[in-house]
Amino acid sequence: MASLLIIGCGSIGERHLRCFQKTGRCTVTACDTNPALLAAMRERYDAAGFATLDEALAASGYDAAVICTPAHLHLPMAKRLLGHGLHVFIEKPLAIDEALVSEVRAAIAAANRFVAVAYVYHLMPWIQQARAFLQTGQIGRVLQATSVSGQHFPTFRPAYREIYYTRRETGGGVIQDALTHLANAVEWLLGPCTRVYCDAAHQALEGVTIEDTVNVTARHGAVMVSYAMTQFQAPNENTLHIHGEHGSVKIEGHLQRWGLLRHGEKDWTWHVTPPLERDDLFIAQANAFLDGMEGRPNPLCTFEEAVQTLRFNLAALRSSDTGTAIDIHCA
Ligand SMILES: NC(=O)c1ccc[n+]([C@@H]2O[C@H](COP(=O)([O-])OP(=O)(O)OC[C@H]3O[C@@H](n4cnc5c(N)ncnc54)[C@H](O)[C@@H]3O)[C@@H](O)[C@H]2O)c1
């Protein structure tokens, strides 16, 4: 059985702790600077806990760590954990800037350990199936895509005023927090983003000043892509249209389905995933990470794919700040 350290046991860290435990393939230890959370992890999951990473690393050896702290801590922690010879799973977004990217890239090469980033859309069956279909080339070259999505953030994350979300420096705002999932998924489906023009603003959320609404006009190579997202809207919906030479694909995340409409057809042909519990995707993600540790194939977002999506985030923020389009020079 593998031994995993979960660093940061807040909203997503607790979910990872529970879902890794549910795989039955590993033991989990908690690490969080908040003593009340550590006590809760012990009580709910019988997980040992440490208040600092120093204490956790001094106390025991682990095979891997899951970094679930705010984004500015992701790469400093990843570098340290790789230095200890651990496999590392990093929550999204990868970072808030590119400062440590090359050092961590070198640390991954030196440690020869498995590293992946927790962009959970890679585990969604409707995304995986649409991607496999697009790769068959049946709708020809993809020419244009439109992503429209959002939710009422205060309903889903009532604590948004008290967490990392309030500041860009800690990974906050709609671009780094939520749009990044869509950008990463579109990059996985259609290829890397190469140019971004972004308009973003704080429109509605009370108690914060960070942007909660965004419109992006992008290029992913030859594909023209537009993204619109709000964090104040009533519907919790997520729709992606992808139009090719011979037909269109539509992915409706909130309905867990994807569809195909070829030129000349009147109606969509839908492929629907049976209802999932919210933990199911995260258990699948935990299993995929454990597979990756064992050297087996997995659909997880790679370090380099997450670096590319980090560049999207940073280009979108810069474009919004400057009112200009930003080119992304892909590696
Ligand atoms: N993939 C997803 O669906 C998803 C969902 C939510 C959050 N996230 C991402 O996960 C990360 C964490 O988000 P969250 O919502 O769980 O935040 P959170 O504020 O609920 O939890 C973060 C936890 O990290 C702890 N922490 C901070 N510094 C620490 C340190 N030095 N050592 C140990 N613990 C420390 C805090 O005490 C807190 O409990 C963010 O990057 C966020 O974008 C991803």
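1. A residue is called buried if 20 or more other C-beta atoms lie within 10 Å of its own. Keep that cut-off in mind for this predicted model. By this count, buried residues make up 42% of the 331 residues in the protein chain.

2. Next, the overall build. The protein chain has ten helices and 16 strands. Its radius of gyration is 20 Å, and the globule rule gives 20 Å for 331 residues, so the chain is as compact as a globular protein of that length. Along the principal axes, the C-alpha atoms fill a box of roughly 65 × 40 × 40 Å.

3. Now look at contacts along the sequence.

4. How is the chain divided? The domain assignment gives domain 1 (2–120) and domain 2 (124–276 + 302–327). Note that domain 2 is listed as two segments. The C-alpha centres of domain 1 and domain 2 lie 26 Å apart.

5. The two domains touch. Domain 1 puts 16 residues into the contact, and domain 2 puts in 15 residues. On the side of domain 1 that touches domain 2, helix 5 (101–111) and strand 6 (115–117) each supply at least two residues. Strand 6 gives the largest share of that side, three residues.

6. Which classes of residue make up the side of domain 1 that touches domain 2? Twelve are nonpolar, one is polar and three are charged.

How values were computed: Residues numbered from 1 in each chain as written. Predicted model: local features only at pLDDT ≥ 70, side-chain atom pairs only at ≥ 80, totals over all residues. Domains from an automatic or database assignment. Contact = placed C-beta atoms within 7 Å. Helix = DSSP H or I, 4+ residues; strand = E, 2+ residues; numbered from the N terminus. Nonpolar A, V, L, I, M, F, W, Y, C, P; charged D, E, K, R; others polar. Rg over C-alpha atoms; globule rule 2.2 N^0.38 Å. Buried ≥ 20, exposed ≤ 12 C-beta atoms within 10 Å, placed from the backbone.
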